[in-house]
Amino acid sequence: MGLPVRQDEVSALIKEAQALVAKKDDIEAQLRELEEGLQLQGVGMDQPLIDRSGFPRSDVDVAAARTSRNLVHRLRNDHKDVMKEIEQALHKVHQASRTTDQATAAITQPTPPATVQQPLVPAAPFALVNAVAPDSPADASGLRRNDKVVKFGHVHAENHDRLQALNRLVGQSENKAIKVVVSRDNTSLELTLIPREWSGRGTLGCHIVPL
């Protein structure tokens with residue numbers, strides 16, 4: 001009997017995720033170019049394009065600036081959409097890989113003797129999410145206010161160091177997927193969180209406090 005998920009299917013999912021990441025990188029490059037062009041004109045995204053008399057400014061290419069601003073708004077929306085697609089694709093890869101690994105183990109590995117004890121992963125929550133900003137990376141991942149954090153990547157109750165280990169991991173993981181396990185209404189949930197720049201502060205868009 002074949003495996004529930006073949007390795008070539010996992011590879012196809014990985015290629016799909018990589019293509020989305022390449023698309024994200026291209027959008028970010030276009031955004032940088034447009035924003036730098038606006039800055040060179042001295043208008044950015046917020047400076048007025050008309051003078052005090054209500055006429056177009058003579059020191060600015062107003063038509064080009066408006067076009068660039070419209071493109072920036074469109075690309076920012078595209079960037080938000082592709083980040084959500086990347087999170088979904090990574091989740092599919094994780095699920096498919098886990099299914100393949102479990103099936104392979106069931107076929108190739110003998111059942112361990114009853115006397116062999118498996119190492120236990122601390123299951124006690126160590127932090128509380130007390131705020132999640134709308135449209136933030138945390139919001140996109142499914143993280144919600146009052147979620148209790150059980151694991152955050154490799155960080156758990158025994159090694160979080162007053163959340164310093166969590167902060168270090170986030171600082172090292174911009175645009176990288178982090179597996180987060182939370183307890184919500186007595187149910188354990190596994191989420192995929194990708195720290196990244198967004199319209200708000202920080203790279204998560206949530207506030208986490210120690211328990």
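Begin with the largest pocket: its lining divides into 2 nonpolar, 5 polar and 9 charged residues. In this count Ala, Val, Leu, Ile, Met, Phe, Trp, Tyr, Cys and Pro are nonpolar, Asp, Glu, Lys and Arg are charged, and the others, Gly among them, are polar. The model is predicted: local features need pLDDT of at least 70 and side-chain atom pairs count only at pLDDT 80 or more, while totals for chains, interfaces and linings use all residues. Residues are numbered from 1 along each chain as its sequence is written, and side-chain values use heavy atoms, with hydrogens and water left out.

**Stop 1: the largest pocket**

Select Arg76, His79, Glu197, Trp198 and Ser199; of the 16 lining residues, these lie nearest the centre of the largest pocket. The elements that give two or more residues to this lining are α1 (7-41) and α2 (62-108). The largest share, 5 residues, comes from α2. Helices (H or I, at least four residues) and strands (E, at least two) are DSSP runs, numbered from the N terminus. The volume of the pocket is about 550 Å³.

A pocket here is an open set of points on a 1 Å grid over the protein atoms alone, where a 1.4 Å probe fits, with protein on both sides within 12 Å along at least five of seven lines; lining residues have an atom within 4 Å of a point. Grid points are joined across faces, edges and corners, and the volume is the space filled by probe spheres set on the points.

**Stop 2: His79**

Stay on His79, which is in helix α2. Is His79 buried or exposed? His79 counts as buried because its relative accessible area is 9%; buried means under 20%, exposed over 50% and partly exposed in between, with a 1.4 Å probe and protein chains only. Leaving aside neighbours within four places in sequence, His79 is in contact with Lys24, Ile27 and Glu28, where contact means heavy atoms within 4.5 Å. For a distance to draw, pick the C-alpha atoms of His79 and Leu31: they are separated by 9.4 Å and the residues are 48 apart along the chain.

**Stop 3: the second largest pocket**

Next select Asn167, Leu204, Cys206, His207 and Ile208, which lie nearest the centre of the second largest pocket among its 14 lining residues. This pocket has a volume of about 280 Å³. At least two lining residues each come from α4 (164-171) and β5 (206-210). By class, the lining has 8 nonpolar, 5 polar and 1 charged.

**Stop 4: the whole chain**

Zoom out and colour by secondary structure. The protein chain has 4 helices and 5 strands, in the order α-α-β-α-β-α-β-β-β from the N terminus. Of its 211 residues, 32% count as buried. Among contacts between residues at least 6 apart in sequence, 63% join residues at least 24 apart. The chain exposes about 13,400 Å², with 51% supplied by carbon and sulfur atoms; accessible areas come from the Shrake-Rupley method with a 1.4 Å probe, and for residues only the protein chains shown count as cover.

**Stop 5: paired strands**

Select residues 127-132 and 148-152: these are β1 and β2, which run antiparallel and are joined by 2 bridges. Two strands pair if DSSP finds at least two bridges between them. Leu128 stands opposite Lys148 in β2.

**Stop 6: the loop between β2 and α4**

Both His160 and Glu158 are in this loop. His160 is buried, at 14% relative accessible area, whereas Glu158 is exposed, at 63%. Beyond neighbours within four places in sequence, His160 is in contact with Phe126, Val155, Ala165 and Leu166.

**Stop 7: two positive phi angles**

Which loop holds Asp135? Asp135 is between β1 and α3 (137-141). Its phi is near 65 degrees, a positive value in a residue other than glycine, and Asp135 is partly exposed at 46% relative accessibility.

Finish at Asn186, in the loop between β3 and β4 (187-193). Asn186 is not a glycine, yet has a positive phi of about 65 degrees. Its relative accessibility is 81%, so Asn186 counts as exposed.
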